[in-house]
Amino acid sequence: MLKTLLRSLREYKKPALLTPLLVSGEVVLEIIIPLFMANIIDYGIDKGDMNYILKVGALLVLAAVASLILGALAGSTAAKASAGFAKNLRQDMFYNVQSLSFSNIDKLSTASIITRITTDTANVQMAFQMLIRTAVRAPLMLICAMTASFNISAKLALIFLGVAPVLATVLVLIIRKVHPLMERVFKTYDDLNRDVSENLRGIRVVKTFVREDYETGKFKRISQKIYDYFSRANKLVALNAPTMQACMYASMLLVSWFGARLIVASGGNPDVGMSTGQLTSLFAYASQILVSLMVLSMVLVMVIISRASAERIVELLNEKSDLQNGENPVKEVKDGSIRFENVNFSYAKGAEKLCLENVSLFIRSGETVGIIGGTGSAKSTLVQLIPRLYDVTSGRVLVGGVDVRDYDLEALREQVAMVLQKNVLFSGTIKENLRWGNPDATDEELEEACRLAAADSFIKSFPDGYDTFVEQGGANLSGGQRQRLCIARALLKKPKIIILDDSTSAVDTKTDAQIRKALKEHISETTKIIIAQRIASVMDADKIIVMDDGRVSAVGTHDELLQASAIYREVYESQTRGGLANE
Amino acid sequence: MNEKKAPNMHGHGMKRGRVKKQTVKRLLTYLKIYKFKFPLVLLSILVSSVVGVVASLFLQTLIDDYIAPLLLMAVPDFSNLLRIVLIMAGVYLCGVVATWIYNRTMMVIAEGVMKRIRDDMFAHMQTLPIKYFDTHNFGDVMSYFTNDTDTLRQMLAQAIPQVFSSLLTIVAVFSAMLYLSVWLTLFVAAFALIASRVIKRIAGNSGRHFVKQQKALADLNGFVEEMINGQKVIKVFCHEEQVKRDFDRHNEALRDNTEKANRYVNILPPIMNNLGFVLYVLIAIVGGFMAVNGMGNVGLSGAGVVTIGTIVSFLQLSRSLIGPLNQVSQQANHIVLALAGAERIFELLDEPSETDEGYVTLVNAKYDENGNIVETAERTGMWAWKHPHRDGTLTYTKLTGDVRMVDVDFCYTEGKPVLQDITLYAEPGQKVAFVGATGAGKTTITNLINRFYDIADGKIRYDGININKIKKSDLRRSLGVVLQDVNLFTGTVMDNIRYGRLDATDEECIQAAKLANADGFIRMLPQGYDTVISGSGNGLSQGQRQLISIARAAVADPPVMILDEATSSIDTRTEAIVQKGMDRLMEGRTVFVIAHRLSTVKNADVIMVLDHGRIIERGSHEKLIAEKGRYYQLYTGAFELE
């Protein structure tokens with residue numbers, strides 16, 4: 001896992017490696033400085049030697065300045081490395097998503113992809129920064145302080161060797177017990193936030209059914225759960241600081257007692273035993289050792305928390321598209337003919353029930369084909385196989401006489417334009433959205449496509465016309481207007497096949513007829529596939545396919561189907577009861 | 001945790017402005033129930049800090065008063081030393097216990113306060129009028145619950161105790177310093193001031209970049225969300241390369257700001273540390289100079305000369321100074337942010353609730369021997385309005401679903417009338433349909449019957465009673481509303497259906513699902529009725545969600561139903577089946593249907609055509625077609641319905 005992650009370091013390797021080096025330098029200086037401090041007392045102040053004080057003082061200041069510079073540089077490189085690492089991670093994930101197929105995306109779910117690129121990366125970034133700085137500093141400090149202590153007096157240093165492990169053990173125990181509790185707290189927090197968000201969105205439902213008290217009760221129960229988990233965790237977490245302090249004070253006392261005895265035994269002679277100045281240093285080292293241990297425990301916690309995030313990131317990085325181009329992919333689509341040969345399909349591999357069962361069809365190039373069927377009859381699924389948005393489970397789909405799997409994906413999709421059921425427009429002007437179909441389209445071509453899609457008139461009615469800004473998701477346009485823009489966008493591709501998946505459901509019958517007429521007249525060579533709920537939309541198609549529960553129930557013209565298909569008849573009658581004639 | 005990290009700051013709280021005294025006062029009221037615990041915490045912090053300062057002074061005392069004399073003894077007697085070590089052990093123990101007490105208690109207080117604030121916020125939110133929700137950004141309200149409560153908790157649990165502890169330590173250290181030597185104290189104070197300025201500058205810089213970073217983060221999050229949600233469209237149009245380039249721009253902006261913000265944050269500790277060392281040296285030099293030249297010294301302990309012991313003590317004390325100074329400066333920023341968040345939370349709590357002056361309630365009723373309506377506790381299928389009058393009498397009016405609007409005017413905002421002169425009547429058991437273009441006022445009418453909004457002018461009567469007189473909750477219980485935007489809640493399918501009537505049995509829920517033609521697909525789900533669905537609806541198609549929402553309304557068994565474009569995502573064949581079920585359900589009930597699909601309104605008893613807030617045509621389908629008016633045009637597609 002680490003290897004995959006570290007691959008994203010790339011150009012930030014240098015600052016990432018530099019940081020620990022700088023930090024090490026900083027630590028070494030920080031160890032030396034207490035020695036100077038001790039000497040100032042022993043040889044300077046005690047002896048009243050002003051010169052010595054000034055000399056060593058100057059050295060100390062120099063060391064402090066050097067330490068400051070190193071520390072500042074380390075802070076700088078750490079920031080650079082971690083921010084850059086995060087950027088590359090995000091980039092690698094996002095780019096990979098661009099190469100994934102629909103089924104990959106369905107598997108991972110869009111919400112979790114978003115979380116991985118945002119929240120999880122932030123967690124890993126924080127952990128990384130801690131690792132290259134603090135996780136280098138603390139152990140190094142620990143070792144140096146221990147070494148320096150041993151240097152002064154091995155006997156006293158043993159005290160640290162005794163106390164430190166005690167502190168470490170207690171801290172690790174606390175972490176191990178607290179961690180699962182905290183995970184539960186975070187999960188409950190997520191549930192709480194989810195409930196609040198559902199409540200906010202559905203407040204009308206809440207008020208309509210007069211469920212305010214019920215919702216408040218529900219909320220209070222979760223709120224109480226969080227409180228309870230937190231309290232349990234807290235009982236343990238509260239032991240951290242006092243334990244640290246206890247160890248610190250205990251070491252100080254032990255050092256005081258044994259140190260005093262040593263000093264007295266040697267008569268205060270540093271060369272034989274220990275001096276008071278050295279005792280001062282030992283106190284300083286004691287605090288450095290114990291603080292380092294505390295810091296290490298925090299790093300440990302950070303790493304544990306971010307581990308889950310790291311795993312999720314790696315999962316996304318390793319995901320490979322399950323739709324690959326074959327060898328020697330065909331780059332040219334001959335015509336708009338479509339053939340389905342015994343196609344079976346299900347979204348989940350190995351699912352019991354097939355989504356599409358035994359579908360065989362032939363559509364000639366230039367034909368207008370309508371598809372009708374109930375909710376969940378797999379109409380959309382059927383057409384998504386044509387531009388190879390998903391691969392068949394068994395059987396073949398051929399476009400222009402060639403199996404879609406043998407085409408170069410991009411070339412295939414250039415020629416098969418699809419208007420999806422969920423109409424997504426992006427933030428930008430209308431023109432920019434339209435140019436998704438063809439980046440090189442001239443303004444005349446844009447207007448032509450919009451005229452065909454019956455969109456030109458309403459666009460021109462806006463004050464900014466084609467330069468009108470589309471708010472995120474197209475919120476400032478009506479459903480019908482969005483649909484027509486999406487149709488125009490698809491038309492700009494000048495494809496061999498155009499698929500409209502329920503693209504006129506929000507458009508009134510008259511405009512719908514207008515669009516279909518324009519399509520018939522102006523792009524007669526293009527194969528047109530129209531999925532609709534209104535019989536009126538498909539009535540005059542060259543042929544109509546009736547889908548039922550994943551199977552093709554009947555194929556024929558409107559008149560043929562009125563005779564032959566009970567389903568078709570039922571739909572037709574339900575829409576024309578009471579004299580609805582499409583005239 | 002997503003929503004926490006994609007902040008909708010809008011510059012709120014990032015203003016380093018004045019903090020209202022009101023906010024602090026209100027926070028204190030939440031602390032009132034902890035009137036023993038909170039002072040205990042403050043006391044414990046005091047003890048802990050004092051012990052900390054004593055510990056830093058101990059070394060010098062040890063050297064001067066215990067080791068030095070021992071060095072002079074021929075046969076050292078360690079009993080004094082032993083005694084002081086034991087005393088110190090006792091002192092330290094108190095310090096440790098105090099630390100434990102305040103750590104534990106402070107968390108309890110912080111969590112407790114946050115829980116009460118959370119609960120209050122949510123409960124109050126439930127009482128707010130629909131107008132609040134229509135006029136406030138969803139993201140902003142969510143961030144009160146997430147970002148703002150988080151920063152508040154951080155402040156209570158960490159920032160406040162740390163700042164308090166640091167302040168106490170600083171006071172203790174300065175007191176000790178003053179005790180020893182006023183001159184040296186002044187020197188240290190001057191240095192401390194300069195140091196604080198430096199810290200503040202750097203913290204200020206980092207604050208600025210932090211704001212920019214949050215904005216860059218929000219931008220990137222928004223972009224990623226939009227692109228990933230529209231990933232299928234990107235693929236269909238082979239737009240990947242362009243999207244990557246746009247992504248790179250946002251990504252780089254975030255990286256740049258993150259680096260700058262973190263850089264300042266990272267630089268602070270080394271600077272702090274080393275400033276401490278510099279101070280150390282300066283004290284040594286100044287102190288040494290004073291000692292060597294026998295300069296006079298004044299301290300709270302008396303006047304005299306600067307001794308070595310004094311200097312060494314000062315050196316020790318100074319080491320305890322820089323840390324707390326750092327803490328105070330850094331935490332001060334957090335506290336300001338947290339209080340800004342608290343202010344927003346209190347604004348929410350101060351929002352006026354939905355007012356309700358109604359006094360007519362809905363009760364179960366039955367006929368007694370004389371044919372009069374009388375209230376009963378048992379569940380009958382009959383309902384009545386219980387109307388207490390000013391003169392003390394009580395009348396019961398049977399609930400039949402007779403709704404009348406007379407000359408109703410309404411506007412959401414002043415000067416923009418949405419409904420004008422609306423007069424309509426629906427007799428019990430009638431199906432009334434509203435058609436009209438978007439914005440014509442159809443949904444508004446249902447908002448008024450429901451009293452989500454109140455009318456400006458005119459009368460609305462329900463079974464002859466002015467709806468203003470009816471208690472809102474009772475009014476709403478008598479109405480079933482199915483909206484076009486389906487909102488389900490995370491839970492099992494059964495739970496979602498049961499939401500319509502909490503005491504419905506499983507059989508009743510399944511009956512309702514059968515009526516809505518939802519039973520079929522529910523049984524095909526992995527766990528059938530016990531399948532957990534999410535509020536955002538992954539895994540179910542829009543049509544299926546709408547069917548569940550209809551089942552939910554069916555289970556509520558209301559006398560009047562309002563269906564607001566409730567079947568727009570369902571194909572016409574399924575819709576026809578659902579209609580059949582609904583027709584059975586609607587027998588004897590009044591139904592208002594709002595639709596833009598004419599197939600839905602065709603078999604209504606009365607159709608009202610709305611245009612710009614006025615009813616311009618009314619009649620049955622046949623009659624209106626014959627009139628060849630607006631309805632006719634809508635029907636034959638001369639005008640768009642949207």
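B:Ser49 is found in helix H3 (residues 37–72) of chain B; helices (H or I, at least four residues) and strands (E, at least two) are DSSP runs, numbered from the N terminus. With a relative accessible area of 6%, B:Ser49 is buried, where buried means under 20% relative accessible area, exposed over 50%, and partly exposed in between (1.4 Å probe, protein chains only). Leaving aside residues up to four places away in sequence, B:Ser49 touches B:Ser165, B:Leu168 and B:Thr169; contact means heavy atoms within 4.5 Å.

The structure is a predicted model, in which local features need pLDDT of at least 70 and side-chain atom pairs count only at pLDDT 80 or more, while totals for chains, interfaces and linings use all residues. Residues are numbered from 1 along each chain as its sequence is written, chains are lettered from A and ligands numbered from 1 in the order in which they are written, and side-chain values use heavy atoms, with hydrogens and water left out.

The interface between the two chains was examined next. In total, 152 residues of chain B are in contact with 153 residues of chain A. The size of an interface is often given as the accessible area lost when the parts come together. Chain B and chain A bury about 13,700 Å² between them, and 67% of this area is on carbon and sulfur atoms; buried area is the accessible area (1.4 Å probe) that two parts lose on being put together, summed over both. Three salt bridges are counted between chain B and chain A, a salt bridge being a side-chain nitrogen of Lys or Arg within 4 Å of a carboxyl oxygen of Asp or Glu. B:Glu354 forms a salt bridge with A:Lys207, with 3.3 Å between the closest N and O atoms. Helix H9 (residues 240–292) of chain B supplies the largest share of the side of chain B that touches chain A, 28 residues. By class, this side of chain B has 78 nonpolar, 41 polar and 33 charged residues. In this division Ala, Val, Leu, Ile, Met, Phe, Trp, Tyr, Cys and Pro count as nonpolar, Asp, Glu, Lys and Arg as charged, and the others, Gly among them, as polar.

Over all chains, the structure holds 52 salt bridges. In helix H9 of chain B, B:Glu252 and B:Arg255 lie three residues apart, about one turn of the helix, and form a salt bridge whose closest N and O atoms are 3.0 Å apart. B:Glu252 counts as partly exposed at 29% relative accessibility, whereas B:Arg255 counts as buried at 9%. A salt bridge also joins B:Asp356 and B:Arg451, the closest N and O atoms being 3.9 Å apart. This pair links distant parts of the chain, 95 residues apart: B:Asp356 is in the loop between helix H11 (322–350) and strand E3 (361–367) of chain B, and B:Arg451 is in the loop between H12 and E10 of chain B. B:Asp356 is partly exposed, with a relative accessible area of 33%, and B:Arg451 is buried, with 4%. Salt bridges that share partners join A:Lys87, B:Glu252, B:Arg255, B:Glu259 and B:Arg263 into one network.

Among the buried residues of H12(B) are B:Lys442, B:Asn447 and B:Leu448.

A search of the whole structure finds 21 aromatic pairs over all chains. Rings of Phe, Tyr and Trp (its six-membered ring) pair if their centres lie within 6.5 Å; planes under 30 degrees apart count as stacked, over 60 as edge-to-face and the rest as tilted. B:Trp385 and B:Tyr462 form an edge-to-face pair, at 5.2 Å centre to centre and with 80° between the planes. The pair links distant parts of the chain, with B:Trp385 in strand E5 (residues 383–388) and B:Tyr462 in strand E10 (residues 457–462) of chain B, 77 residues apart. Both B:Trp385 and B:Tyr462 are buried. B:Tyr412 and B:Tyr453 also form an edge-to-face pair, at 4.9 Å centre to centre and with 85° between the planes. B:Tyr412 is partly exposed, with a relative accessible area of 31%, whereas B:Tyr453 is buried, with 10%.
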